[in-house]
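Keep the viewer open as you read.

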Amino acid sequence: MLNQTSVTAFLLLGVTDIQALQPYLFVVFLAIYMVSVVGNGAVLLVVVSDPRLHLPMYFFLGNLSCLDICYSTVTLPKMLENFFSTHKAISFLGCISQLHFFHFLGSTEAMLLAVMAFDRFVAICRPLHYSVIMNYQLCTRMAVTVWTIGFFHALLHSMMTSRLNFCGSHQIHHFFCDVKPLLELACGNTELNRWLLNTVTGTIAMGPFFLTLLSYFSIIISLFSKTHSCSVLHKALSTCASHFMVVILLYAPVIFTYISPTSGSSMDQDQVAAIMYTVVTPMLNPLIYTLRNKDVKAALSSIFTKRGDLNISRAHF
């Protein structure tokens with residue numbers, strides 16, 4: 001079927017219409033974006049370059065860092081541009097593309113966190129069989145699977161949204177193109193789109209979340225049944241602490257946005273939640289993992305030490 005919409009562009013109204021605040025917000029979000037890209041880039045670099053980190057846990061961590069770089073890049077550059085733009089326009093194709101990659105990367109990250117929780121479950125509850133179960137082939141297949149499901153989940157939303165007829169206002173009360181604010185602008189029947197958002201996206205979000213909780217519940221039960229030593233329990237659970245913090249940071253605002261009724265929450269509340277999982281979480285993920293993970297910190301320090309020694313030798317030369 002042909003696309004029935006006559007809209008060629010939308011206007012992204014952004015996080016605020018107060019002109020005096022926009023230069024300050026630009027500096028804040030630019031700093032957050034730089035920290036996110038540099039932090040996740042550093043984690044990805046050490047995971048790829050350090051042989052000591054060529055393990056399933058760090059393979060998935062590298063995928064997470066790659067996702068976070070792309071995830072923040074989907075929304076933040078356009079937001080930063082619009083702080084100093086007078087028209088704040090985004091083309092129809094650009095809007096649908098942004099929507100697609102936002103849901104593609106977001107749903108992939110949600111499922112990847114469940115895979116990472118399964119990895120921790122096997123490492124703690126089946127330590128003797130860990131290398132056999134979490135082999136290279138299985139890890140690669142799981143990573144490819146979550147990326148593929150995420151892509152087709154996003155494709156479903158982008159195709160269904162692009163077929164809508166937008167005949168009213170073209171102003172999007174958000175800082176990026178998403179399904180919920182676009183449905184507010186659509187004419188005609190949007191029940192199928194809302195059903196897909198609540199059911200399919202809800203399943204993509206809640207399914208991995210419950211699998212993650214199940215993995216941690218199984219870890220706790222297994223540890224309590226095998227040992228009564230507090231030090232052993234603390235050491236085992238501390239390896240999961242970083243991952244659990246990331247899970248909470250991502251799922252709390254996502255559940256608020258996509259599990260709540262599509263017309264029940266205000267756009268301002270949705271924007272605050274969106275800032276949490278599109279801006280803040282990608283920035284905090286590398287900090288959480290590097291501050292709590294001795295292997296990653298050691299790999300980072302060794303890279304900087306080698307570069308420092310190389311610079312010194314060049315200076316002497």
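Strand β1 (residues 9-12) pairs with β2 in the antiparallel sense, over three bridges; pairing here requires that DSSP find at least two bridges between two strands. The elements themselves are DSSP runs numbered from the N terminus: helices are H or I with at least four residues, strands are E with at least two.

This is a predicted model, where local features need pLDDT of at least 70 and side-chain atom pairs count only at pLDDT 80 or more, while totals for chains, interfaces and linings use all residues. Residues are numbered from 1 along each chain as its sequence is written, and side-chain values use heavy atoms, with hydrogens and water left out.

Now widen the view. Three strands make up an open sheet of mixed pairing, ordered β2-β1-β3. At its edges sit β2 (89-91) and β3, each pairing on one side only.

Next, the cysteines. The structure holds one disulfide, meaning a pair of cysteine sulfur atoms within 2.5 Å. C95 and C177 form this link, with an S to S distance of 2.0 Å. The bridge connects distant parts of the chain, 82 residues apart: C95 belongs to helix α3 (residues 92-125), and C177 to the loop between β3 (171-172) and α6 (179-185). About the S-S bond the angle is -120 degrees, a left-handed link.
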